[in-house]
Amino acid sequence: MDLLNTLVDKGLRRELPTREEALAVLATSDDELLDVVAAAGKVRRQWFGRRVKLNYLVNLKSGLCPEDCSYCSQRLGSKAEILKYTWLKPDDASKAAAAGVAGGAKRVCLVASGRGPTDKDVDRVSETISAIKDQNEGVEVCACLGLLSDGQAGRLRAAGADAYNHNLNTSEATYGDICTTHDFSDRVSTVQQAQAAGMSACSGLIAGMGESDADLVDVVFALRELDPDSVPVNFLIPFEGTPLAKEWNLTPQRALRILAMVRFVCPDVEVRLAGGREVHLRSLQPLALHLVNSIFLGDYLTSEGQAGKDDLAMIADAGFEVEGTDTTTLPDHRRQDDDEPAAGADDAEGPTATVPAPSDDTRRDLVSVRRRGAGTDLPPNA
């Protein structure tokens, strides 16, 4: 397939595909799916070999958020029956993090619900970062606390935060359809503040919210322009009690095409398979490892993931290996900020992508609310 050959050539030399090419990936048929996965897999292996980075989420503060993001079980007015608790103490958060590190996680992601942290919250998270780093040599810490105010990014960096996560989630054109309490530019600004403070930027998207293929391509191109080091790809978990509870638009095949498109647009970036993978990829999860080089281990913020031991078995069975703390995730040229390309290329155009009809198969049995780990007396899943 000329399209895939072109995209592989471009990916191997870090050249951005055209919007038409990205749309064409999403428009490929199920019959072409394995060809698409194989092509994107060549790009993934060029820059990351067969390594898989493990990340572990610790939900520092759950629920009761004043923002109205439609996809979120912690949103204002959510009826989802999730765990709700205020800030974990630094020692409790560190113990939760240690379970993930013991399971093989290289990065701990500290997340708190809310519009953004107060200065007191930044102090609290700074203590937590210190506790985690004191007890876990070599572990990376990423903070995800919402919109940042002036000076907060620098304080988090000084406290030892390696990275900051703030997702764009969807295209600028449709952002107002999923959230009215802040806008797309607020999110862009927070990512830029994190970068300016010297933290590694982590920013991604949520697929499956009823967006068009053009919206998916737009948000991935916007991410590419921001140039984060890691791009988490989430698939909507349609929680009962949220406005998007009936949005079951994804098939495993479509989820794989989305991941392949992200890999072609972000060839040398840490692409992370994030929330919703068990719900939407199901038995095709191992194929996704040929496209992504990073996953979350165990549970998510308010939903349960598959057992950590099953994640590790999946990685091994698929012929991949867990990335150690002594290995640098990103390729040398990204760490050295070297923009010189590595090889030569072609051009191609693809057909206009179409939006699939929503599925009537609402597999609500696949959505499992988290009842263990942080904020509970039960041991975490790692």
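Threonine 242 is in contact (heavy atoms within 4.5 Å) with Ser70, Cys72, Ser73 and Ser78, leaving aside its neighbours within four places in sequence. This is a predicted model: local features need pLDDT of at least 70, side-chain atom pairs count only at pLDDT 80 or more, and totals for chains, interfaces and linings use all residues. Residues are numbered from 1 along each chain as its sequence is written, and side-chain values use heavy atoms, with hydrogens and water left out.

**Threonine 242**

- Threonine 242 sits in the loop between strand 7 (230-235) and helix 10. Helices (H or I, at least four residues) and strands (E, at least two) are DSSP runs, numbered from the N terminus.
- Threonine 242 is buried, because its relative accessible area is 8%. Buried means under 20% relative accessible area, exposed means over 50%, and partly exposed lies in between (1.4 Å probe, protein chains only).
- A polar atom of the threonine 242 side chain lies 2.7 Å from the backbone oxygen of phenylalanine 239.

**The whole chain**

- The protein chain has 14 helices and 10 strands. Its radius of gyration is 19 Å, close to the 21 Å that the globule rule gives for 382 residues, so the chain is as compact as a globular protein of that length. The radius is taken over C-alpha atoms, and the globule rule is 2.2 Å times the number of residues to the power 0.38.
- Along the principal axes, the C-alpha atoms of the protein chain fill a box of roughly 55 × 45 × 40 Å.
- Of the 382 residues in the protein chain, 59% are buried.
- Take the contacts in the protein chain between residues at least 6 apart in sequence: 79% of them join residues at least 24 apart.
- The protein chain has an accessible surface of about 15,100 Å², and 47% of that belongs to carbon and sulfur atoms. Accessible areas come from the Shrake-Rupley method with a 1.4 Å probe; for residues, only the protein chains shown count as cover.

**Nonpolar cores**

- In soluble globular proteins, nonpolar side chains tend to be buried together.
- The largest nonpolar core holds 100 residues, and Val58, Leu156 and Phe235 touch the most other members. A nonpolar core is a set of buried Ala, Val, Leu, Ile, Met, Phe, Trp, Tyr and Cys residues joined through side-chain atoms within 4.5 Å.
- Helix 10 gives the most to this core, with 9 residues.
- A second, separate core has 9 residues, including Cys109, Cys144, Ala274 and Tyr300.
- Not counting residues up to four places away in sequence, phenylalanine 235 touches a list of residues that includes Ile206, Leu250, Ile258, Leu273 and His280.

**Cysteines**

- The structure holds 0 disulfides. A disulfide is a pair of cysteine sulfur atoms within 2.5 Å.
- Cysteine 109 is buried, with a relative accessible area of 4%. Cysteine 142 also counts as buried, at 1% relative accessibility.

- Alanine 24 lies in helix 2 (residues 19-26). Alanine 24 is buried, at 2% relative accessible area.
- Alanine 24 and methionine 261 are 237 residues apart along the chain, yet their C-alpha atoms are separated by 9.0 Å.
- Threonine 190 is in helix 8 (residues 184-196). This threonine is buried, with a relative accessible area of 1%.
- Leaving out residues up to four places away in sequence, threonine 190 touches Gly146, Leu147, Leu148, Tyr164 and His166.

**Positive phi angles**

- Most residues other than glycine have a negative phi.
- Arginine 14 is not a glycine, yet has a positive phi of about 65°. Arginine 14 lies in the loop between helix 1 and helix 2.
- Buried or exposed: which describes arginine 14? Arginine 14 is buried, with a relative accessible area of 14%.
- Arginine 282 also has a positive phi, near 50°. Its place is in the loop between helix 11 (277-280) and helix 12 (285-288).
- Arginine 282 counts as partly exposed, because its relative accessibility is 31%.

Technical notes
Polar contact = N/O pair within 3.5 Å; in protein donor to acceptor, adjacent residues only side chain to side chain.
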